[in-house]
Amino acid sequence: EVQAIMNGRAKMKRLDFTIEQSNLQITSVFGDPNRIKQIFVNLVGNAIKFTRKGAVKIFASTIPSEIRGFAKWRFEIQDTGIGMKQEYVQDLFQPFKQLAFERGDEFEGTGLGLAICKRLCKAMKGDVWATSEESKGSTFCFELNLPAVDKEALKELHKGAEELESTNPMEEKSQEKLRILV
C-alpha cells in the first residue's frame with residue numbers, strides 16, 4: 001500500500017523506488033495499520049522530498065524481539081538525497097524542528113512529521129533513528145514490536161466466534177425476568 005501511495009511521487013522526480021524484504025520469519029502480527037502507514041508516509045515522503053536524483057529504498061526484515069510473544073519488525077528507508085551533518089541528526093525528532101539549509105534550499109513542512117513518527121514508534125514498543133552524510137543521503141530506521149499472531153490460536157478464536165454466532169443467547173434467558181436500565 002505504501003508503495004502504491006509513494007510510487008507516483010518518486011516517478012515524478014524520476015527516482016528509483018524499491019522495496020526489499022529479507023528474513024521475514026513472522027508475517028502475521030497485530031498492529032494498527034493506519035499508524036504504521038503514517039510512519040511510512042512521513043519517512044518515505046521525506047526521503048523523496050529531499051532526494052533530487054538517485055533512489056529511495058525500503059528494506060524490511062524481522063529480528064528477534066526481547067518481548068515474549070512479539071515480533072520485532074525493522075524497516076530502513078535509504079535515500080541518495082541531500083543528507084545532513086551528523087550534528088543535526090540528534091534533534092530531528094523534536095517537534096517543530098527543521099534544518100536551516102545553508103544552500104538556500106526551501107522545503108515545505110511543519111517540522112512535526114518526525115516527532116509524530118517517534119511517538120508512534122514508542123507507542124508500539126519501538127523506536128526510530130537516523131544516520132546521514134551531507135551530500136550523500138540519509139537512512140531512517142524504525143523498529144516496531146508487534147504481538148505475533150499464533151495461526152492455530154487464531155483458528156480456534158474464529159471457530160469459537162462461529163459457535164457463538166450459531167447459538168441464540170436469548171433462548172436460554174427467555175424464562176428469566178429482564179431488567180432495562182435507563
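**A walk through the model**

Let's start at Val 149, which is buried, with a relative accessible area of 14%. Here buried means under 20% relative accessible area, exposed means over 50%, and partly exposed is in between, using a 1.4 Å probe and protein chains only. Before going on, a word on ground rules: this is a predicted model, where local features need pLDDT of at least 70, side-chain atom pairs count only at pLDDT 80 or more, and totals for chains, interfaces and linings use all residues. Residues are numbered from 1 along each chain as its sequence is written, and side-chain values use heavy atoms, with hydrogens and water left out.

Back to Val 149: you'll find it in the loop between strand S5 and helix H5 (151–166). Its C-alpha atom is separated by 8.5 Å from that of Phe 70, and the two residues are 79 residues apart along the chain.

Now zoom out. The chain has 6 helices and 5 strands, taken as DSSP runs numbered from the N terminus (helices are H or I with at least four residues, strands are E with at least two). Read from the N terminus, the order is α-β-α-β-β-α-α-β-β-α-α. Of the 182 residues, 31% count as buried. The accessible surface comes to about 12500 Å², with 51% of it belonging to carbon and sulfur atoms; these areas come from the Shrake-Rupley method with a 1.4 Å probe, and for residues only the protein chains shown count as cover. As for contacts (heavy atoms within 4.5 Å), take those with a separation of 6 or more: residues 24 or more positions apart account for 68% of them.

Next, the aromatics. A search of the whole structure finds 5 aromatic pairs. Rings of Phe, Tyr and Trp (its six-membered ring) pair if their centres lie within 6.5 Å; planes under 30 degrees apart count as stacked, over 60 as edge-to-face, and the rest as tilted. One of the pairs is Phe 40 with Phe 75, edge-to-face at 4.9 Å centre to centre and 80 degrees between the planes. Phe 40 sits in helix H2 (residues 33–49) and Phe 75 in strand S3 (residues 70–79), so this pair ties together parts that are 35 residues apart in sequence. Phe 40 counts as buried at 9% relative accessibility, and Phe 75 also counts as buried, at 9%.

Phe 40 has another partner. Its ring centre is 5.1 Å from that of Phe 142, and the planes are at 75 degrees, so this pair is edge-to-face too. Since Phe 142 lies in strand S5 (residues 137–147) and Phe 40 in H2, the pair ties together parts 102 residues apart in sequence. Phe 142 is buried, at 0% relative accessibility.

The largest share, 4 residues, comes from H2.

Last stop, helix H4. Its buried residues are Leu 114, Ala 115, Cys 117, Leu 120 and Cys 121. An α-helix has 3.6 residues a turn, so residues three or four places apart point the same way. The cover over the buried residues of H4 includes H2, S4 and S5. Just after H4, Lys 125 takes a positive phi of about 55 degrees, although it is not a glycine. Lys 125 lies in the loop between H4 (113–123) and strand S4 (127–133) and is partly exposed, with a relative accessible area of 47%. Ser 135, in the loop between S4 and S5, also has a positive phi, near 70 degrees, in a residue other than glycine. Ser 135 counts as exposed, at 57% relative accessibility.
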